[in-house]
Amino acid sequence: MTKEARMRSRSRVPLLQELPLLIWLVFLWGALWQDFSAGNLIFGTVIAFFVANIFYLPPVELSGRFNPLYALLFAGRFLYKLVQASFHVFWLAVVRGPRIRNGVIGVKLRSRSDLLVTATGHVLSLIPGSLIVDVDRSTSTLYLHALNVSTAEQAERVRADALDAEAWLIRTLGTKEELAALRAETAETRKRKIGGRA
C-alpha cells in the first residue's frame with residue numbers, strides 16, 4: 001500500500017479529540033512570533049489545522065479524565081523532588097566528585113499511552129541527576145541514566161521512583177482502566193507488606 005493510500009485510509013480524528021492539540025499549536029505559534037493578535041492567531045489556526053491533518057502522525061489519544069486535586073498534589077511532589085535532587089546532586093559533586101558511578105536503568109511502565117510515557121519521561125528528565133537516554137515505544141520502556149547507582153538496591157530505588165512518578169500521572173490523567181489497574185496493584189502491594197510483617 002502506498003503512502004497516499006495509507007493516508008486516505010487513515011480514520012479521521014474527531015475535532016473534539018483534536019482540539020487540545022490545535023489549541024496548543026496555536027498558542028505555540030503566537031508564542032514563537034510573540035504576537036497574540038487576532039489576525040496572527042487566525043493564521044496560526046489555519047496552519048495548525050493543516051499540520052495536524054496533512055502530515056501523518058499517530059494521534060495522541062487523551063483519556064477523557066483529569067483530576068485537578070491529584071494534579072496539584074503531583075505538582076507539589078514534583079517541586080519537592082526537584083529541590084531534593086538539586087541538593088543531592090550538589091552534595092555528590094562536592095563530596096564524591098568524579099568517583100561517582102552512574103548507571104542506565106530500564107524501567108517498564110504500566111501504561112501503553114504515548115501521552116503518559118512521554119509525560120513520565122519529561123518529568124524524570126527535569127529532575128536533576130536523571131535523564132532519559134532512550135525509549136522503547138513497543139514495550140513502554142524508558143532507559144534512564146541516573147547518578148550514583150552502583151548497586152542493585154540503588155537501581156531498584158531509581159526504578160521505584162520512576163514508577164511512582166508514572167503512578168501520580170495515571171491518577172491525574174490516566175484512563176479509568178489504568179487507574180483501576182493501579183489501585184489493584186497498590187492494594188496487592190499493601191497486602192504483601194502486611195503479610196510480610198506478620
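These are my notebook entries on what I looked up in this predicted model.

**Ground rules**

I number residues from 1 along each chain as its sequence is written, and my side-chain values use heavy atoms, with hydrogens and water left out. Since I am working from a predicted model, local features need pLDDT of at least 70 and side-chain atom pairs count only at pLDDT 80 or more, while totals for chains, interfaces and linings use all residues.

**Overall layout**

I started with the elements, taken as DSSP runs numbered from the N terminus: helices are H or I of at least four residues, strands are E of at least two. The chain comes to 7 helices and 3 strands. Read from the N terminus, the order is α-α-α-α-β-α-β-β-α-α.

Next I checked burial, where buried means under 20% relative accessible area, exposed over 50%, and partly exposed in between (1.4 Å probe, protein chains only). Of the 198 residues in the chain, 28% are buried.

Then I looked at contacts, meaning heavy atoms within 4.5 Å. Taking contacts between residues at least 6 apart in sequence, I find that 69% join residues at least 24 apart.

**Helix α4**

For 28 residues that gives 40 Å, and the end C-alpha atoms are 40 Å apart, so the two agree.

Which residues of α4 are buried? I list Ala71, Phe74, Arg77, Phe78, Lys81, Ala85 and Leu92. An Arg and a Lys are on that list, Arg77 and Lys81. The buried residues of α4 pack against α5 (114-126) and α6 (152-173).

At the N-terminal end, Asn67 is the cap, with a side-chain oxygen 3.0 Å from the backbone nitrogen of Leu69. That is a polar contact, a pair of N or O atoms within 3.5 Å; within protein, one must be able to donate a hydrogen and the other to accept it, and residues adjacent in sequence count only if both atoms are side-chain atoms. Just after α4, I see Gly97 with a positive phi of about 60°.

**Helix α5**

I ran the length check again on α5: its 13 residues should span 18 Å, and the end C-alpha atoms are 18 Å apart, which agrees. The buried residues of α5 are Leu116, Val117, Thr120, Gly121, Val123 and Leu124. Down the axis of α5 these fall within an arc of 165°, so they line one face of the helix. The arc is that of the directions from the helix axis to the C-beta atoms. I reminded myself that an α-helix has 3.6 residues a turn, so residues three or four places apart point the same way.

On the other side of α5, I find His122 and Leu126 exposed. At the start of α5, a side-chain oxygen of Ser113 comes within 3.2 Å of the backbone nitrogen of Leu115.

**Positive phi in the loops**

I noted two residues other than glycine with a positive phi. Ser140 has phi near 55° and is placed in the loop between β2 (130-136) and β3 (141-146). At 1% relative accessibility, Ser140 is buried.

Asn148 has phi near 60° and lies in the loop between β3 and α6. Asn148 is buried as well, at 16%. Gln154, found in α6, touches Asn148 and Val149, leaving out residues up to four places away in sequence. Gln154 itself is buried, at 18%.

**Rings**

I searched the whole structure for aromatic pairs and got 5. Phe27 and Phe36 form a tilted one, 5.8 Å centre to centre with 35° between the planes. My cut-offs: rings of Phe, Tyr and Trp (its six-membered ring) pair if their centres lie within 6.5 Å, and planes under 30 degrees apart are stacked, over 60 edge-to-face, the rest tilted.

Are Phe27 and Phe36 buried or partly exposed? Phe27 is partly exposed at 44%, and Phe36 is partly exposed at 46%. Ring pairs link Trp24, Phe27 and Phe36 into a cluster.

I also found the charged end of Arg171 over the ring of Trp168, 5.2 Å from its centre. The rule there is NZ of Lys or CZ of Arg within 6 Å of the ring centre and within 35 degrees of the ring normal.

**Gly64**

Last, I looked up Gly64, in the loop between α3 (38-54) and α4. Gly64 is exposed, at 79%. Gly64 and Lys176 are 112 residues apart in sequence but 9.0 Å apart in space, C-alpha to C-alpha.

Technical notes: Expected span 1.5 Å × (residues − 1).
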